[in-house]
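Thanks for coming. I will go through one model this morning, starting with terms and then moving from the whole chain to a few local details.

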Amino acid sequence: MTFPALAVHHGECNGWPVPLPIGSGDPPAFPVETLPGPGRKMVEHVAKTVQTDPALPAAALLGCYAIALQGWCTITGMSLTEETALWCVPVAGVSEGKSSAFSPMLAPVFEHEKILRDQAESVSDGDEKSLPVLVMEDHTVEVLGMMMSRNGNRMALVSAEPIVFQQMEGSRDRKPTLDSYLKAYSGETVKVHRIGRENQTMYRALLTILVAAQPDAVKGFLQNERLGGRGVFSRLLYFPCRSLAGTRTLQPAMNPDIIRRYREHILSMLSNTRERRLFLSEDAQSLFQIHYDSIERMQAPGGDFENNPWARKQQGRALRLAALLHCAEGEQDEIVSDKVMSRAVALSDYFIESALFIAEKIGESKETANLQKILSWCLEQKKPSLTFREIHNFTRKKTQVDSECTRKYMHILEELGHVRRIPESKAESYMLSPYHQKGLKLYTHYDT
């Protein structure tokens, strides 16, 4: 990741390095090695051909697995039983290949849908309302419920743009109910009764979502209190993608053998409608217990996910990932091995890092926001140095933190090169970087 505002400065100024922007860093690398063979090879091939971050086609692959298995498979780990639906949100900038990556990855799903529609049409009068639909994009919540009830109470919402969240939010005059979405994440019963319309009751409703979004769009919907308050965001898996702009090269056409093997892989999963209840082996259970406990500790006071409902659902999503990997490997028994669970945990760790990255880079975590406030206030004072007491008086009033937390923030700013503690001063004091004293404006970027 580069920062144009800083690129013109090299070396040091009076012994000071160029300050690093608050929240700098690349997104975590997607662990492609955790994916099953045909899926992994397709993800790597699409990423190379389209010239995009592997996280983008990987999100589409996991979405395909969820579409194939939702409604047919559950997994149990001790007291937790989970469905296999996923809500996947790859986050990529403009012209980073979202549509180009989605198209080959999702092609077998649309092919299977066409096969089902052709079969249904051959034994019916061709009424469009009676033909199966696996995937929707533009919709209203009423139409979504109607189509799900006609499709075995299952559906997938797929788009290379974040239209789904716009439709969840609705307009100023009309806010659609979110129950049909939220309950369909967990396989709950959805009942819709309206005057003048057909009543709908869906038992074990399931919905998979695969929606790509640009960073600004993600920031916009993360600030939506209605969606956040109802738990929409706690259900999302983020796939933040690195920008490859400026490094891309023209590639040969896609390899037909890799496409064929991937097509067979996904069609086989879509065609297998055997209901399955998966359980963990003893060793897999031990791995899951350790992972579960580590996520729980992150939710404790002072942890990375303090008061954050996203982490609570991630424990169950680790089980969902294990089920998807187990079935995608073609395993016929109902016991998930420790090898599969180990890969599911590695995937879950990636999503934990990604959620923290999104919160810091896009949603602006509380810590990032406070660091920005402190640095901005220090610059506004137009003084070469400030005492810790002065700084804490500000942070105590504006961010409601104690002195220990203020000292932690100053340590972070010191590590980033924005300030430096003055040695041997009577009062604990900090001087500002000479770059700030020159009036240089420093930026925080997600993708540049």
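A word on terms before the structure itself: helices (H or I, at least four residues) and strands (E, at least two) are DSSP runs, numbered from the N terminus. This is a predicted model, where local features need pLDDT of at least 70, side-chain atom pairs count only at pLDDT 80 or more, and totals for chains, interfaces and linings use all residues. Residues are numbered from 1 along each chain as its sequence is written, and side-chain values use heavy atoms, with hydrogens and water left out.

The whole chain, then. It has 16 helices and 16 strands. Of its 448 residues, 51% count as buried; buried means under 20% relative accessible area, exposed over 50%, and partly exposed in between, with a 1.4 Å probe and protein chains only. Contact means heavy atoms within 4.5 Å. Among contacts in the chain with a separation of 6 or more, 72% are between residues 24 or more positions apart.

One example is Leu244, in the loop between strand S11 (237-240) and H9. Which residues does Leu244 contact, leaving aside neighbours within four places in sequence? They are Gln51, Thr52, Asp53 and Glu96. Asp53 is 191 residues away from Leu244 along the chain, yet their C-alpha atoms are separated by 7.3 Å. Leu244 counts as buried, because its relative accessibility is 18%.

Next, two helix pairs. Axes here are lines fitted to C-alpha atoms, for helices over the stretch in contact, and angles run from 0 to 180 degrees between N-to-C directions. Angles under 35 degrees count as roughly parallel, over 145 as roughly antiparallel, 65 to 115 as roughly perpendicular, and the rest as oblique.

The axes of H2 (residues 55-69) and H9 (residues 256-271) come within 8 Å and cross at roughly 30°. H2 is therefore roughly parallel to H9. On the H2 side the contact uses Leu61, Cys64, Tyr65, Ile67, Ala68 and Leu69, and on the H9 side Tyr262, His265, Ile266, Met269 and Leu270. By class, that contact has ten nonpolar residues, one polar and no charged. For the classes, Ala, Val, Leu, Ile, Met, Phe, Trp, Tyr, Cys and Pro count as nonpolar, Asp, Glu, Lys and Arg as charged, and the others, Gly among them, as polar.

For H14 (residues 388-398) and H15 (residues 403-415), the axes come within 10 Å and cross at roughly 110°. These two helices are therefore roughly perpendicular to each other. Phe388, Ile391, His392 and Thr395 of H14 meet Ser403, Thr406, Arg407 and Met410 of H15. This contact of H14 with H15 divides into three nonpolar, four polar and one charged.

Last, backbone angles. Most residues other than glycine have a negative phi. Arg204 is not a glycine, but has a positive phi of about 55°. Arg204 sits in the loop between strand S9 (200-202) and strand S10 (206-211), and counts as partly exposed because its relative accessibility is 28%. Asn307, also not a glycine, has a positive phi of about 55°. Asn307 lies in the loop between helix H10 (282-298) and helix H11 (309-328). Is Asn307 buried or exposed? Asn307 is exposed, at a relative accessible area of 72%. Gly187, which follows H6, has a positive phi near 75°.
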